[in-house]
Amino acid sequence: MSQQQAVFIQASPPLVWVPALVIGSVDTDMKVCRFCESNADADSPFAEGKEMTVSLKDYPNSTLPLQNIDPLTSKPLILTDLISLPYLNEPSILSNLSLRHKTSQPYTSCGDIILALNPYKRLPLYTPSIMSAINSKYIFNVKESLDPGCSKENETPHVYITSGKAYEELKRTGRNQSILVSGESGAGKTETVKILMSHLSSILPSPSTSLIVKRVLDSNPLLESFGNAKTMRNDNSSRFGKYTQLQFSSGVLVGSECGVYLLEKSRVCGVGGGERGYHVFYQVLDAGEEVKREIGLEGMGGGDFEYVGGEGVGDVIEGETDSEKWKRTYAALQTIGITGDLLISFLKTLSVVLYLGNIKFSSDSSGEGSKVSSDLNRLAGLMEVDVEQLREKVTFRTMTARNDTYKVLLNPQAAKEGVDAFAKELYAKQFLWLVSKINEATSATVSERCGVIGLLDIFGFESFKVNRFEQLCINWCNEKLQQKFTVDVFRSVVQEYESEGIPLATIQFEDNVDVINLIEGRMGAISILNEECVRPKGSDASFVSKLYAMNKNQESDKASAILVQNKRFHSLQFSIQHYAGAVVYDATDFVRKNADTIPVDLVELSRTSFPQIANAFPPAPAPTSTSSRRGSSLIAGTVWSKFRTQLSDLMSDLAKTNTRYIRCIKPNSQKLPHVVDNESTIEQLRCAGVVAAVTISRAAFPNRLLISEVEARFSCLGKVSAVSDLLVAVLGDAEGFEIGATRVYFRTGVLEKLEELRLNKMGEFATKITAVGRMHLARSNFQTMRTGAVLLQALIRCRALESKFASMKAASLLIQCAARSARSRKLLLFKKRAWAATKIRAQYLTSKDLRAFKVSRTAAVALQATMRRVVQQAKFKIALKESKEEKKLENQLIALQKKLAQEEEKRMLAEQRLQVQSASPRPPRPPRTSVDSDEVEQQFVDADGGSSSSGSQHALMHESGKMMEYLRKEVFKIRTQNTTLRTENERLKENNRRLMDANAAAGASFAALNQHSKQLSKNNGKYQQDLAAAKSREQARATQIVELKEELKMQKATYIAEVHSRLQYSKILSVIARTVEDRSDDAHLVDEVNAIVEDCENNYMSGPNGMTMDISKMKTPGRKKKRRSLGMTLGLVSPPPVGRDGESYEDETGVEAMFGNIGKGLRSIFGGGEEERENKNPQVRARGGGSGGGSGSGEDFTLHPFNEP
């Protein structure tokens, strides 16, 4: 390897640089190289061991970049400080960083600059012991660290060293310090700032400031919640710049003050795929229901809001869920004093921002304006404004022209953009309010401050496929910081040359003044864009064209190289050559984003909202002078103008401090430890200015080596002991190098020439060594050939003996095989016979067991069948008996119904016959005979006995029982309905109770809100009306139930009375028939009376009995008319009174009156003295029914005896 030179080859963009060895030359401009180490696949042309011919014309100065090789181990040299690398170039920087990162060493220094590669895992580098050791060396024992003889090569880089040096210099000199932490998203800037802040706060702890220190440390996660978001590159990406000034007094941290820059407001309402909005939105949506209820988010989730994209709630960010992070955020808010109503108001403002994103618009009927197609009640309630006013403010825009004010309709797109702009501005205002509250809680008084250490966590240089307005602002900020960085690096180089004692000559280096002038100069991008924002018809295309036109004829030769114009660009594209490379910008929406116009109508409406929102939009101050121009005020209000003011203040603050730099590098996008993506890493090194810093530090002397290394490496070129004499003897003069106190500095190309001379000298040494090696190789070959001949002879003799032994062995094996074959045949025959016998026996036993099984199975089946038959016979008999009884009952019911129908027909015929007879003249009556009262009484008793034994009366009683059973069923059914109604009533009461609870809760929550209270009052009135209607319906149902019960009770009593009346009627007819038969001598009259009695009895007994009659018709007077027909025919019953509806009805004493009329009729037929009979005959009492309106219980009634003729 001594003959081969270790270099780097530019392979391809994915690999960038590949280490290789120069193994030969085709000519002066062509080198043959072999790759010695590569991450490429085996099939790749850059795989290890493959060769390639490269042209030196493709490399700077026609020289291949050299590797840094350790002469002792012949392996790549790994140093802690890049400045100490012998060959300091881009690939060597990348190789050194990659090797350190793979060995879990994330920090590397480049002079005073710290390069931090994100390790993507926890490393034991931040323990108290390491912190104590660094504090002891760089803070409390500073003389050792300031010793000029202390070499930086032995110093292990760490961010604690940077913060420790800043703290020590602040304490020693009293000058304010600052540490600039930069890098792209995901490089670890935020974590690095946390580490620095934690170290600075713990150097000299004090019990009196422990609360302030806690607030300072807790402010970081609080700002992360409101200012960080998940992006495609980083799960916890800072979307704003932050400059935290830690305030110290006598070395003790007494407070802090934070300033923020350029919050990415567009992330409030615009979330790309795989990304999230600000963390606080998801934390609030994943908080407890109690918190969400207080801020108007009860029952809402991520899918209910457009601004959060419907995804991401509950994601795990840095090992914690949103719910766990919310607890930390809530505790941090409590720590800085945001509690109680102030906290609720602050969180309600976040809810308002979320609800603003849910407003949807559609075209109105005219097609020119828009209308809100979503519900605004909840948003208006949160903002405490009128919903109609809110609806008007989002769909109209108020325009003022001189003294006239008029409203303009907004189309759906313009209305949506206005709402989004208001939501973004509202969130930005709340973020600034939170920063001010943090500063109030953590800032120390002026009397306590004696020094400041500023920590700047700023966004790094950005270059995407599509670069917008935000990227131009960020890159402009990085250009300003790079300018300061370049000046600081140049100052450090001057200090190094002075310490080494090298004469300081003019060092030429490139700066970025032209780029900064292009952006912020008099005719720069800022001025042109602000002018377009003021101009009535300003546009993005006009901005781009003016930018090219204004800078085309600049005096600077670099103007055309800085503002790049390409024919392939469309009208809204332009390119700027930044210090890190050319970036193509798309000017779409530049004017709108820079103007940052907020709807005036919504701002005015917000001033009527609750104080947290109203205070965010204070009224604009009145102009102090009539000469102030509108254009100047508009330009001052643009985003770029505000940011320029902030950036100027920041650069002014940084200029007053001693600045140190930490550049954070993202080694790979997969977030894997020990993996370095060469392409992205070298791009970040360029963007971070590391390559520029190296270029400046090596502007005069790009290569340097320690004096001891020069003596050890190049002593082979001469026998001179002194390094200066050796170099002069080899190079011919002393113009190509300078020797300092510890190092030798080489100008461009000198070290490469020395390396080439050394390589040639090593080649001569290699030739001599090769000759001696060949001699030893030939001697070794001869000894090997002689030893081989002896071994070949021995092998031939061995093969002959082996052949003879093999033939004898084959013969013996043949004999043994024949013997074994005979013995095996005998054994096989024996086993076959044994197997056959076993098979026969098994077949026999199987047949025997099968027969026994079949017999047992047949017996079991028969036994089971017998048992099943016995069981089923018993069941069949029972079922048959029940079937017969049911059939018998059905037949009896049918027969009874037929009998009732026949009796009804007979009754109707009897009534018709009586009507005919009553119409014809009556024959003369026979003389009446007196009948003894005892005989009549005996006849009534006999009639009673006879009737009790008749089958018809039993049938009627049986029918009455069935009727009672039917009534019981109806009552049960009505009770079931009543239970259902009661259940419904309870459910309505429960609903009423819930409605009343909800109404009470709503009234208690919004008692102080007049407008919302009116709406709740209306809802409450509606609910009360519904409740009154429900109560009315329930009362109607209860009344209906009572009426049904009363009607059933009356029907039951009526039916019982009807039964008793029929029984008594039958008895009376029997007594009448017997009396007429005994008293009358006219046979014709007796026969006629008997026929009439029989017909009346049949007709009466076959009348409606409740089994064949509709219950609803039981109160009709039809049957009462039929009951009276016989009495009216005989003249025994007087006509019933007539009601208002033209139908007759009976009074309560209808039955007794009927019996009295019957007695009068008999007396009129037979004659006799009435008073005598009344005095002589006793009263005859019988059990009978009550009146038509009776209760249904049996009552006694009196039948007066007939008078004598």
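Colleague: Is Glu-890 buried, partly exposed or exposed?

Modeller: This is a predicted model, so the answer is a computed value. Buried means under 20% relative accessible area and exposed means over 50%, with partly exposed in between. Glu-890 has a relative accessibility of 44%, so it counts as partly exposed.

Colleague: Where does Glu-890 lie, and which residues form a negative surface patch with Glu-890?

Modeller: Glu-890 belongs to helix H28, which covers residues 750-919. The negative patch consists of Glu-882, Glu-885, Glu-886 and Glu-890.

Colleague: Which salt bridge joins Glu-904 and its partner?

Modeller: A salt bridge needs a side-chain nitrogen of Lys or Arg within 4 Å of a carboxyl oxygen of Asp or Glu. Glu-904 pairs with Arg-907, with an N to O distance of 2.4 Å. The two residues are 3 apart in helix H28, which means a separation of about one helical turn. Glu-904 is partly exposed at 22% relative accessibility, whereas Arg-907 is buried at 4%.

Colleague: How many salt bridges does a search of the whole structure find?

Modeller: The search finds 39. One of them links Arg-276 to Asp-322, with the closest N and O atoms 3.0 Å apart. Arg-276 sits in the loop between strand S11 (252-261) and helix H7 (279-285), and Asp-322 is in helix H9 (residues 322-335), so this pair ties together parts that are 46 residues apart in sequence. Arg-276 is buried, at 2% relative accessibility, and Asp-322 is buried too, at 0%.

Colleague: Which residues are linked in a network of salt bridges?

Modeller: Arg-239, Glu-264, Arg-267 and Glu-275 are linked in such a network.

Colleague: How should I read the phi of Ser-104?

Modeller: Most residues other than glycine have a negative phi. Ser-104 is not a glycine, yet its phi is positive, at about 60 degrees. Ser-104 is placed in the loop between helix H1 (90-102) and strand S5 (107-110), and is partly exposed with a relative accessible area of 28%.

Colleague: What is the phi of Asp-589, and where is Asp-589 placed?

Modeller: Asp-589 has a positive phi of about 70 degrees, although it is not a glycine. Its place is the loop between strand S19 (581-586) and helix H19 (590-595). Asp-589 is partly exposed, with a relative accessible area of 29%.

Colleague: What do the totals for the protein give?

Modeller: The protein has 35 helices and 25 strands. Of its 1205 residues, 42% count as buried. Among contacts with a separation of 6 or more, 69% come from residues 24 or more positions apart. The protein exposes about 65500 Å², of which carbon and sulfur atoms supply 54%.

Notes:
Residues are numbered from 1 along each chain as its sequence is written. This is a predicted model: local features need pLDDT of at least 70, side-chain atom pairs count only at pLDDT 80 or more; totals for chains, interfaces and linings use all residues. Side-chain values use heavy atoms; hydrogens and water are left out. Patches are made of residues with over 30% relative accessible area and no salt bridge: like charges are joined within 9 Å, nonpolar side chains (Val, Leu, Ile, Met, Phe, Trp, Tyr) within 5 Å. Accessible areas come from the Shrake-Rupley method with a 1.4 Å probe; for residues, only the protein chains shown count as cover. Lys and Arg count as positive and Asp and Glu as negative; His and the chain ends are not counted. The place of a charge is taken as NZ of Lys, CZ of Arg, CG of Asp or CD of Glu. Helices (H or I, at least four residues) and strands (E, at least two) are DSSP runs, numbered from the N terminus. Buried means under 20% relative accessible area, exposed over 50%, partly exposed in between (1.4 Å probe, protein chains only). Contact means heavy atoms within 4.5 Å.
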